[in-house]
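Subject: Structure for you to look over

Hello,

I am handing over the structure below. My notes on what turned up follow after it.

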Amino acid sequence: MLEYQLTTHSYEETEALGAKISELLKAGDVIVLNGDLGVGKTTLTRGLARGLGIKRNVKSPTFTLIREYQDGRIPLYHMDAYRLESSPDEDLGFDEYFNGNGITIVEWPQFIKDEIPAEHISINIARLSDTDRQIVFKLHGEKYADRKFGDL
């Protein structure tokens, strides 16, 4: 497993980082986002969507579970598993997303941990101050070994 760490100093930097990450992604990639409420998971996702050429406004899928964005160079599937904490998932079709033709981002992945593919990118975001965020990337699996996350 490869691990990279960096710090952003503003909302705009976190969003710009998401756009840079998008350049390294391919169809079929799965990203799990970990971090406290309000730490910037959706901000990072918004930047990633912009980097993919998605024009629609990216919002947290908390109340819908999954938001699909088809208008970029690669489809983006943005999941929020928070509401699944108290209800075990029935067949919600996660495999179709994880093995599909798009990039899947999962916020609160601990609530569907048994569904997450072994090969994935884990991004942990921690609040250092009101504006600063520590962001740690962990690349799980050979399919990510040649990606240049160290260059971000």
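Which residues of α2 are buried? They are K41, T42, T43, L44, T45, R46, G47, L48 and A49. Please bear in mind throughout that this is a predicted model.

Helix α2

The helix spans residues 41-51. Nine of its eleven residues are buried, which leaves α2 mostly covered. The cover over those buried residues includes α1, β2, β4 (76-80), β5 and β6. Just past the end of α2, G53 has a positive phi of about 85°.

Setting aside the neighbours within four places in sequence, the contacts of T42 are V58, K59, S60, H78 and E107.

The largest pocket

Sorted by class, the lining holds four nonpolar, six polar and three charged residues. Helix α2 gives the most to this lining, with three residues.

Nonpolar cores

The largest nonpolar core contains 27 residues, and I21, I31, L76 and I123 have the most contacts inside it. Two or more residues of this core come from each of α1 (11-22), β2 (30-34), α2, β5 (103-107), β6 (120-127) and β7 (133-140). As an example, I21 is in contact with L44, L48, I123, F137, F149 and L152, leaving aside neighbours within four places in sequence. L44 and L48 are among the buried residues of α2.

There is also a second, separate core, with 13 residues, including L65, F94, Y97 and F98.

Aromatic pairs

The structure has four aromatic pairs. One of them is F94 with F98: the ring centres are 6.1 Å apart and the planes meet at 20°, under the 30 degrees needed, so the pair is stacked. Both residues belong to helix α3 (residues 94-98), where they are four residues apart, about one turn of the helix. F94 and F98 are both buried.

W108 and F111 make up another stacked pair, with 6.5 Å from centre to centre and 25° between the planes. Are these two residues buried or partly exposed? W108 has a relative accessibility of 14% and therefore counts as buried. F111 has 24%, so this residue counts as partly exposed; the boundary between the two classes is 20%.

W108 sits in the loop between β5 and β6. The backbone there is worth a look as well: phi of W108 is near 60°, a positive value in a residue other than glycine.

Regards

Note on methods:
Residues numbered from 1 in each chain as written. Predicted model: local features only at pLDDT ≥ 70, side-chain atom pairs only at ≥ 80, totals over all residues. Heavy atoms only, no water. Nonpolar A, V, L, I, M, F, W, Y, C, P; charged D, E, K, R; others polar. Phe/Tyr/Trp six-rings, centres within 6.5 Å; stacked < 30°, edge-to-face > 60°. Buried < 20%, exposed > 50% of the residue type's maximum accessible area, 1.4 Å probe, protein only. Contact = heavy atoms within 4.5 Å. Core = buried A, V, L, I, M, F, W, Y, C linked by side-chain atoms within 4.5 Å.
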